[in-house]
Amino acid sequence: MRGAERIDPLTDLSPGSVCQIVSLELSGLLRRRILDLGIVPGTLIRCIRRGPSGDPTAYLVRETLIALRNEDAAQILVRKLSNGEECV
Amino acid sequence: MILSAEKKRELWQNYFGISLAKDQIGVALAGNPNVGKSTIFNALTGLHQHTGNWPGKTVDNAQGGFQYNQKSFLIVDLPGTYSLLAHSVEEQIARDFLCFANPDVTVVVLDATCLERNLNLALQVFEITPNVIVCLNLMDEASKKNLVIDVPSLERELGVPVVAAAARQGQGLIELREKVFQVAAGSLKTTPRQIIYSYEVEKAVKELLPLVEDIAASNALSPRWIALRLLDGDRTFLKSLDSFLSHEQTSPLSWEESKCAL
């Protein structure tokens, strides 16, 4: 049984966990940039670690490590995955 | 959509600072960063260029030649980019060269170990020029990761020749040279897969096409690509197009009109 899907900003993801991109609430060049980096709806993304002051945060996307500012990551919405689906 | 050889040589010299010899075939080498583009460049040309991230705005220091089948080729190694939609100086250099220099053949080098990420650039190049060859590099790394790539199917899906290579081991280079030769000679036809966008975007493209057709035809540019960039509202592209057209001095009135139409 599936409950109502919970949508969270990417910044809520804690190091080590994986989620799936739902939408990008960004516009203009930054949106284009993020899409070009392979972060598109449906993509799995793993949080690797946070920077020393909690910002930026490193994420693993399609086998590449990408650092995102929390400010930008907050605009990326994700769906948490249930156990067993986790594979990036 | 073909520039006369003389006009092209003039353009390469004046606009990009590259001397293309008479009857020489111009080849552009594009790809994401760190896919082994420079290794392929060095292997094809026999040079030992150490290209890192490029300083400045020119491509004239990343060129080299080779001979094959009694033909002379000049390869231009473009800066590594994830996209041609110009966020950085590197992307702008690569885009302007692919778009305006009208190379006879463009080789897009892809990292076989992360195809998904790399195909984005290939699809963007497909919108600019039909004469594309995909070089699937780092096949040795891919097999170490137990990745098997169905090259014939990929070729069918993309509509262009796909050459599997491991440039560090010297594999695939003979085939790559041959394919470059065949595409340049016109004996190997390519029909790169085109992305069809949403109904709204396609409708807007259709409306813009008549306005940009003349300018595209007289400068060997892709009208669809120009229309798409105009819809993007990409100001760096408008700037490049303006400077390119004023340089070429073939700007017909319809161009001013289409800018007003936006």
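This is a predicted model: local features need pLDDT of at least 70, side-chain atom pairs count only at pLDDT 80 or more; totals for chains, interfaces and linings use all residues.
Local features need pLDDT of at least 70 and side-chain atom pairs count only at pLDDT 80 or more, while totals for chains, interfaces and linings use all residues. Residues are numbered from 1 along each chain as its sequence is written, and chains are lettered from A and ligands numbered from 1 in the order in which they are written.

**View 1. The open sheet of chain B has 6 strands in the order S2-S3-S1-S4-S5-S6.** Strands are DSSP E runs of at least two residues and helices are H or I runs of at least four, numbered from the N terminus; two strands pair if DSSP finds at least two bridges between them. The pairing in this sheet is mixed. S2 and strand S6 (162-164) of chain B are the edge strands, each pairing on one side only. On average, neighbouring strands are turned by 25 degrees against each other, direction ignored. Axes are lines fitted to C-alpha atoms, for helices over the stretch in contact, and angles run from 0 to 180 degrees between N-to-C directions. S1(B) runs parallel to S3(B), with 5 bridges joining them, and Leu29(B) stands opposite Asp77(B) in S3(B). H3(B) packs on the sheet and touches S1, S3 and S4 of chain B; the direction of H3(B) makes about 145 degrees with that of S1(B). Contact here requires C-beta atoms, placed from the backbone, within 7 Å.

**View 2. Strand S4 of chain B is buried on both faces.** A residue is buried if 20 or more other C-beta atoms, placed from the backbone, lie within 10 Å of its own, exposed if 12 or fewer, and partly exposed in between. Of the 7 residues of S4(B), 7 are buried. One side carries Val105(B), Val107(B), Val109(B) and Asp111(B), and the other Thr106(B), Val108(B) and Leu110(B). S4(B) pairs with S1(B) in the parallel sense over 5 bridges, and with S5(B), also parallel, over 6 bridges. Thr106(B) is the bridge partner of Ala28(B) and stands opposite Val132(B) in S5(B).

**View 3. The largest nonpolar core has 71 residues.** Such a core is a set of buried Ala, Val, Leu, Ile, Met, Phe, Trp, Tyr and Cys residues joined through C-beta atoms within 7 Å. Val27(B), Leu29(B), Val108(B), Val125(B), Ile133(B), Val134(B) and Cys135(B) have the most contacts inside this core. H3(B) contributes the largest share, 6 residues. Domain 1 (5-185) and domain 2 (199-261) of chain B both give residues to the core, so it lies between them. Beyond its neighbours within four places in sequence, Val27(B) contacts residues including Phe73(B), Ile75(B), Val105(B) and Val180(B).

**View 4. Ala122(B) sits in helix H4 of chain B.** Ala122(B) is buried, with 23 other C-beta atoms within 10 Å. Not counting residues up to four places away in sequence, Ala122(B) touches Val108(B), Leu110(B) and Val134(B). Leu147(B) is 25 residues from Ala122(B) along the chain, and their C-alpha atoms are separated by 20 Å.

**View 5. Helix H2 of chain B (residues 37-45) has buried residues covered by strands and a helix.** The buried residues are Lys37(B), Ser38(B), Ile40(B), Phe41(B), Ala43(B) and Leu44(B). Among the covering elements are strand S1 (25-31), strand S3 (71-77), strand S4 (105-111) and helix H7 (173-185) of chain B. Gly46(B) follows H2(B) and has a positive phi, near 75 degrees.

View 6. The domain bounds come from an automatic or database domain assignment.

**View 7. Strands S4 (residues 57-61) and S5 (residues 64-68) of chain A run antiparallel.** They are joined by 5 bridges, and Leu60(A) stands opposite Leu65(A) in S5(A). The hairpin has 2 residues between the strands, and Arg62(A) takes a positive phi near 45 degrees.

Note on methods
Two residues are in contact if their C-beta atoms, placed from the backbone, lie within 7 Å.
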